[in-house]
Amino acid sequence: MNTPRWMKWMVSGCLAGWLGMVAAAPVDSEVEVKAEPAEFKAGTELVFKVKVALPADKILTMFHVYAYLPEIPSGMDKLSAVELHPNSDPKWSAVWFTVKPFWLPQADWSKQEHVFKLKTEDWPVGDYRLLFKVLLRDKVRPEVKTDRYVVVPVMVTVVPAA
C-alpha cells in the first residue's frame, strides 16, 4: 500500500513538533535523595535525606520506596516487611519497602528538606538499587490532578555481619 506523500509530511511534521515541545519542556524542580549509610549490616536503620528545590507553586506530598526484583538480592521478596507486586514479566516484578505510600502531613508540604527512615531487619547481603518516588503537586490546587512523579534511584549495599 502506498502512503500518500502529504500524509507522510503531515505525520512527520506532527512528530517533529511534538518532539520539539517535549525537548523544550522546562524542568521546574529538582529532587536529591541520599541514603545513609550507603553500606550497612542488616538491621541498621536506613535514613533517606531528601532535598527538594521546588518553585513557589509546587509542594511535595508523598514518598514511596520500591525496587524491581532483578535489582535486589534474591530472597528479599520473601520478607514479611515488604510487599511483593508480581508481574507476568519477572523483570517488572517489584517489592514495596513502604507497603503504602507515605503521605506527608500538610504542614510539611512546602519544606525543602525531609528525612525518612526504613528498617532493614533480615535484609539479604548484596547490592540494592532502590527507587525513591516522590509526588509533586500544585500548591494552590492540590486536589486537582496536577500530579508529577519524580523517581530517584538510590544505591545501597548490605554487608555481611562480622
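This is a predicted model: local features need pLDDT of at least 70, side-chain atom pairs count only at pLDDT 80 or more; totals for chains, interfaces and linings use all residues.
Local features were considered at pLDDT of at least 70 and side-chain atom pairs at pLDDT 80 or more, whereas totals for chains, interfaces and linings use all residues. Residues are numbered from 1 along each chain as its sequence is written, and side-chain values use heavy atoms, with hydrogens and water left out.

The protein chain contains one helix and ten strands (DSSP runs of H or I with at least four residues, and of E with at least two, numbered from the N terminus). Of the 162 residues, 36% are buried (under 20% relative accessible area, with exposed over 50% and partly exposed in between; 1.4 Å probe, protein chains only). Among contacts (heavy atoms within 4.5 Å) with a separation of 6 or more, 69% join residues 24 or more positions apart.

The structure holds eleven aromatic pairs (ring centres of Phe, Tyr or Trp, the last by its six-membered ring, within 6.5 Å; planes under 30 degrees apart are stacked, over 60 edge-to-face and the rest tilted). One of them, Phe97 with Trp123, is tilted, at 5.1 Å centre to centre and 45° between the planes. Phe97 lies in the loop between strands S6 and S7 and Trp123 in the loop between S8 and S9, so the pair ties together parts that are 26 residues apart in sequence. Both Phe97 and Trp123 are buried. Phe48, Phe63, Phe102, Phe116 and Phe132 form one aromatic cluster.

Seven salt bridges were counted (a side-chain nitrogen of Lys or Arg within 4 Å of a carboxyl oxygen of Asp or Glu). Among them, Arg137 and Asp147 meet at 2.5 Å, N to O. This pair links distant parts of the chain, with Arg137 in strand S9 and Asp147 in the loop between S9 and S10, ten residues apart. Arg137 is buried at 15% relative accessible area, while Asp147 is partly exposed at 28%. Asp108 and Lys111 form a salt bridge of 2.9 Å; Asp108 is buried at 18% and Lys111 partly exposed at 42%. In the salt bridge between Lys78 and Asp77, the closest N and O atoms are 3.3 Å apart, and Lys78 is exposed at 67%.

Strand S9 (residues 126-138) also includes Asp138, which is buried at 13% relative accessibility. Leaving aside neighbours within four places in sequence, Asp138 is in contact with Asp57, Lys58, Ile59 and Thr146.
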